[in-house]
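Hello,

Here is the structure I promised to pass on to you. My notes on it follow below, and I hope they make a handy starting point.

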Amino acid sequence: MKKVDSVVNEFLKKISNDRRFGRILFATIISPPERPQKIFLLDDLEEIGKAKLKDIAQRTGHSPQNLCMLYNNFEKEGLVHREVDRSNRRNTYYFLTDKGKKMVEEHKKSARKAMKDFFSLLSDDELEEFKNSLEKTNKLMEKVLKGIQA
């Protein structure tokens, strides 16, 4: 059981480091300042594509009520479009506008550049070690997630 405890501790440390790293990264790439939540929500919608609010909520873990409020604001900004299904008016679909897609892509480009700048501080050997660690971590997390979903 002691190994499990140490893995849990390292995992929690990684998550808090990721959050801190994410905040630092985000602060260096965004100007003018955008809330990270906004970019992440738009990115989620881009990945999901045209979908109903309940389906988006299920895939992202957000409540439909919160998404509805946020998407209303995004719609006012011209980032998200809402479309009522003509054959069943109870269904409303949400998707990114061209402006929303452009915003997401610009932020992804900025994030990639910022990460390259950060990681350029490491030597080639350190980069290789870091890459190998990430690959191993990803494989192990996939195994854990498969076990949870089984």
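**What I found**

Among contacts in the chain between residues at least 6 apart in sequence, 52% join residues at least 24 apart. Please keep in mind that this is a predicted model.

First, the overall picture. The chain has six helices and three strands, and from the N terminus on its elements run α-α-β-α-α-β-β-α-α. Of its 150 residues, 21% count as buried. The accessible surface comes to about 11,500 Å², with 55% of that belonging to carbon and sulfur atoms.

The three strands form an open sheet in the order 1-3-2, with antiparallel pairing. Strand 1 (51-52) and strand 2 (80-84) are the edge strands, each pairing on one side only. Between strand 1 and strand 3 (residues 92-96) there are two bridges, in the antiparallel sense; K52 has Y93 in strand 3 as its bridge partner. Helix 4 (residues 64-76) lies across strand 2 and strand 3, and runs at about 110° to strand 2.

Then there is helix 5 (residues 98-119). At 1.5 Å a residue, its 22 residues should span 32 Å, and the end C-alpha atoms are 31 Å apart, which agrees. Which residues of helix 5 are buried? They are G100, M103, V104, H107, A111 and A114. Because these cover an arc of only 95° around the axis, they sit on the same side of helix 5. On the other side, D98, K102, K109, K113 and K116 are exposed.

Best wishes

Note on methods
Residues are numbered from 1 along each chain as its sequence is written. This is a predicted model: local features need pLDDT of at least 70, side-chain atom pairs count only at pLDDT 80 or more; totals for chains, interfaces and linings use all residues. Side-chain values use heavy atoms; hydrogens and water are left out. Helices (H or I, at least four residues) and strands (E, at least two) are DSSP runs, numbered from the N terminus. The expected span of a helix is 1.5 Å times one less than its number of residues. Buried means under 20% relative accessible area, exposed over 50%, partly exposed in between (1.4 Å probe, protein chains only). The arc is that of the directions from the helix axis to the C-beta atoms. Two strands pair if DSSP finds at least two bridges between them. Contact means heavy atoms within 4.5 Å. Axes are lines fitted to C-alpha atoms, for helices over the stretch in contact, and angles run from 0 to 180 degrees between N-to-C directions. Accessible areas come from the Shrake-Rupley method with a 1.4 Å probe; for residues, only the protein chains shown count as cover.
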